[in-house]
Amino acid sequence: MDTIKLQRMSQEEFDFYIHNKVPRYAESIAENTKIGEQQALETAEQKLKSLLPKGNNTPGHLLFNVIQDNKFIGYIWIKISDETKQAKYILKSNLEAKGMVH
């Protein structure tokens, strides 16, 4: 079986992630709220900045690259809540496209 590991994002990787996340997030916002593209972009940028005010060093948020056999296959964003003692995550990988995740 292939080895999968998590590797903390570097600042450069985080910047790349956010740069690409904003338009994808804006598209989702626009589709679900029926607001214009420009307003959706502004909303996405504001929400991400409020979720991650200290960027990659925001307390309670852990951002990792998912690596399989020394190849990047996706990322995972984990938010840990001190109040509820729960963790939530967002996982995005190219495994979905290959039909390997159900």
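## Aromatic pairs and the sheet around them

In this predicted model, the count of aromatic pairs comes to two, where rings of Phe, Tyr and Trp (its six-membered ring) pair if their centres lie within 6.5 Å, and planes under 30 degrees apart count as stacked, over 60 as edge-to-face and the rest as tilted. A pair of aromatic rings is described by the distance of the centres and the angle of the planes, and the table gives both values.

| Pair | Centre to centre | Between the planes | Arrangement |
|---|---|---|---|
| Y17 and Y75 | 4.7 Å | 70° | edge-to-face |
| Y17 and W77 | 6.3 Å | 85° | edge-to-face |

Y17 lies in helix α1 and Y75 in strand β3, so their pair ties together parts that are 58 residues apart in sequence; helices (H or I, at least four residues) and strands (E, at least two) are DSSP runs, numbered from the N terminus. W77 also lies in strand β3, so its pair with Y17 of helix α1 ties together parts that are 60 residues apart in sequence. Y17 counts as buried at 5% relative accessibility, and Y75 is buried with a relative accessible area of 10%, where buried means under 20% relative accessible area, exposed over 50%, and partly exposed in between (1.4 Å probe, protein chains only).

The strands belong to an open sheet of four in the order β1-β2-β3-β4, with antiparallel pairing, and two strands pair if DSSP finds at least two bridges between them. β1 (4–8) and β4 (86–93) stand at the edges with a single partner strand each, so one side of each is left without a neighbour in the sheet. Strand β3 (residues 71–81) pairs with β4 in the antiparallel sense over eight bridges, and the bridge partner of W77 in β4 is I90.

H61, which lies in strand β2, counts as buried at 7% relative accessibility. Leaving aside neighbours within four places in sequence, H61 is in contact (heavy atoms within 4.5 Å) with R8, L51, L52, W77, I78 and K79. A polar atom of the H61 side chain lies 3.3 Å from the backbone oxygen of L51.

Residues are numbered from 1 along each chain as its sequence is written, and side-chain values use heavy atoms, with hydrogens and water left out. Because the model is predicted, local features need pLDDT of at least 70 and side-chain atom pairs count only at pLDDT 80 or more, while totals for chains, interfaces and linings use all residues.

Definitions and conventions:
A polar contact is a pair of N or O atoms within 3.5 Å; within protein, one must be able to donate a hydrogen and the other to accept it, and residues adjacent in sequence count only if both atoms are side-chain atoms.
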